[in-house]
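Reader: I would like to learn how to read a model like this one. Where do we begin?

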Amino acid sequence: MATRIVVIGAGAAGLMAAIWAASPGADVVLLERTRDGGRKILISGGGRCNILPARMDESRFVSESPSHLLRKILRSWPLRQQIAFFEEEVGIPLVEEAESAKLFPVSSRARDVRDGLLTLARRRGVRILTESTVVGLSPSAHRWRIDRQDDEMMEADAVVVATGGLSVPATGSDGSGLRFAAQLGHSIRSTYPALTPLTATPSPFADLAGISLPVTVTARAEGMTATATGGFLFTHTGYSGPAVLDISHVAVRSRPTASPARIVVRWTDRDDEAWMAALRPSGARTVLGAVGAVLPDRLARALIAAAGVDRTRSLAHLTRDERRRLTDTLVRGVLPWTGDEGYRKAEVTGGGVCLSEIDPRTMESRARPGLFLCGELLDAFGPIGGYNFAWAWATGRAAGAGAAKRVLSRD
Ligand SMILES: Cc1cc2nc3c(=O)[nH]c(=O)nc-3n(C[C@H](O)[C@H](O)[C@H](O)COP(=O)(O)OP(=O)(O)OC[C@H]3O[C@@H](n4cnc5c(N)ncnc54)[C@H](O)[C@@H]3O)c2cc1C
């Protein structure tokens with residue numbers, strides 16, 4: 001069967017690529033392993049789909065590829081144009097959640113985003129073949145040969161690989177695109193789970209499971225550091241919440257090294273000075289009274305114990321050393337951790353195909369003309385907050401439009 005453009009993977013990036021490839025009139029087939037596609041969109045944002053950030057801070061992306069390439073790719077489809085596309089072309093009005101600066105569909109239904117993209121793709125003429133798993137990709141004469149499991153092979157003039165990374169394999173992504181890219185000669189930056197919860201075994205804070213609060217977390221390891229302010233959640237096995245997920249890559253990457261990351265938490269917005277003042281003698285006020293006034297009671301008790309201070313002491317009887325120890329714990333308390341939840345719970349995959357091997361305007365492989373790469377399989381990810389969809393939409397659009405330009409210019 002001869003086809004002009006084959007897009008592999010109907011996730012966020014692949015759906016966008018197919019739409020932009022078909023829009024100028026190219027013949028496009030979208031191959032998807034699962035029964036329906038877009039499964040990560042369905043589970044995103046707790047089923048509400050945090051479709052984009054309300055504001056974009058490019059410096060928050062993590063990549064080992066040259067940063068000017070990352071910026072060039074992101075700027076190829078500015079945030080306001082992405083928003084306009086969803087509202088006007090897909091027909092999904094968006095709303096900002098003020099406290100988090102995240103954008104969601106007004107309907108709060110991730111399904112509307114997934115179905116809206118599938119509908120638009122079909123309307124633009126894309127043929128979507130589901131339960132169709134690609135098992136091999138190779139150049140053949142001046143075209144591409146696409147081998148499928150239990151199905152006839154296909155040929156195409158251009159191929160867009162949008163198979164995602166390795167995170168949450170139950171959604172269909174098993175890293176096959178990374179394998180194809182490596183077999184075709186691309187260098188893959190070592191992959192690792194990112195935006196994943198951390199574990200602590202045994203957990204000194206196990207009985208705090210369920211407590212959540214805003215904090216600032218910092219992770220430092222040899223040559224790496226990350227700081228995030230936001231929600232922190234104690235779990236039965238360790239820690240989660242946006243702030244923990246956002247610094248988790250430093251912890252994950254430090255695990256195989258001799259010195260695992262040191263993670264410290266500022267448990268309130270008070271600094272040393274403010275805590276030293278709050279712990280000054282004040283009538284009969286106890287240590288627990290002072291700390292429990294601004295932190296959940298169980299957490300206040302645990303942190304006071306971690307500082308080696310008697311919570312029932314009155315502030316008047318606190319020694320200078322105890323006051324300093326407690327302040328230290330509250331402002332930069334060390335968070336004990338031993339591992340991470342891995343790809344099973346990672347929202348994205350770190351590492352991937354090096355951006356310097358891709359033309360940033362079209363996402364075409366510099367080594368393999370006619371091969372376009374986009375989405376999570378590339379070496380970049382952003383923080384929690386809609387950044388990873390922004391990356392998938394921008395790279396998917398560029399790859400689809402690039403592939404269409406290539407095949408249509410030959411006509
Ligand atoms: C629980 C969770 C919540 C998230 N929430 C958010 C959020 O709210 N906001 C945000 O910005 N990001 C969020 N993310 C991240 C976001 O979902 C990803 O960054 C994004 O989906 C990546 O898009 P992609 O198209 O590159 O990959 P994917 O979405 O993983 O799509 C890849 C597709 O390719 C298909 N495929 C793979 N291999 C083959 C093959 N060999 N043959 C055929 N098909 C194949 C897969 O079945 C899949 O449909 C979340 C992730 C998770 C796991």
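Author: With residue classes. Ala, Val, Leu, Ile, Met, Phe, Trp, Tyr, Cys and Pro count as nonpolar; Asp, Glu, Lys and Arg count as charged; the others, Gly among them, count as polar. Keep in mind that this model is predicted.

Reader: How do the residues of the shell around the ligand divide?

Author: Into 14 nonpolar, 19 polar and 6 charged. The ligand is surrounded by 39 residues. Gly 9, Gly 11, Gly 164, Gly 172 and Gly 375 are the closest.

Reader: Which helix gives the largest share of that shell?

Author: Helix 13, with 4 residues. Helix 1 (12–22), helix 2 (39–43) and helix 13 (387–409) each supply at least two.

Reader: Now the sheet. How do I read strand pairing?

Author: Strands of a sheet pair through backbone hydrogen bonds, either parallel or antiparallel. Here 7 strands make an open sheet with antiparallel pairing, in the order 16-15-12-13-14-11-17.

Reader: Which strands stand at the edges?

Author: Strand 16 (333–334) and strand 17 (339–340). Each has a single partner strand, so one side of each has no neighbour in the sheet. Strand 16 is joined to strand 15 (residues 262–266) by 2 bridges. Val 265 sits opposite Gly 333 of strand 16.

Reader: What does helix 7 pack on?

Author: Helix 7 (residues 242–254) packs on the sheet. Among the strands it touches are strand 12 (212–221) and strand 13 (224–234). Its direction makes about 135° with that of strand 13.

Reader: And the domains: how far apart are their C-alpha centres?

Author: 38 Å, for domain 1 and domain 2. Domain 1 covers 2–193 + 345–409, and domain 2 covers 197–340. In contact are 8 residues of domain 1 and 9 residues of domain 2. The touching side of domain 1 has 5 nonpolar, 1 polar and 2 charged residues.

Technical notes. Residues are numbered from 1 along each chain as its sequence is written. This is a predicted model: local features need pLDDT of at least 70, side-chain atom pairs count only at pLDDT 80 or more; totals for chains, interfaces and linings use all residues. Domain bounds come from an automatic or database domain assignment. Two residues are in contact if their C-beta atoms, placed from the backbone, lie within 7 Å. Two strands pair if DSSP finds at least two bridges between them. Axes are lines fitted to C-alpha atoms, for helices over the stretch in contact, and angles run from 0 to 180 degrees between N-to-C directions. A residue is near a molecule or strand if its C-beta atom, placed from the backbone, lies within 6 Å of it.
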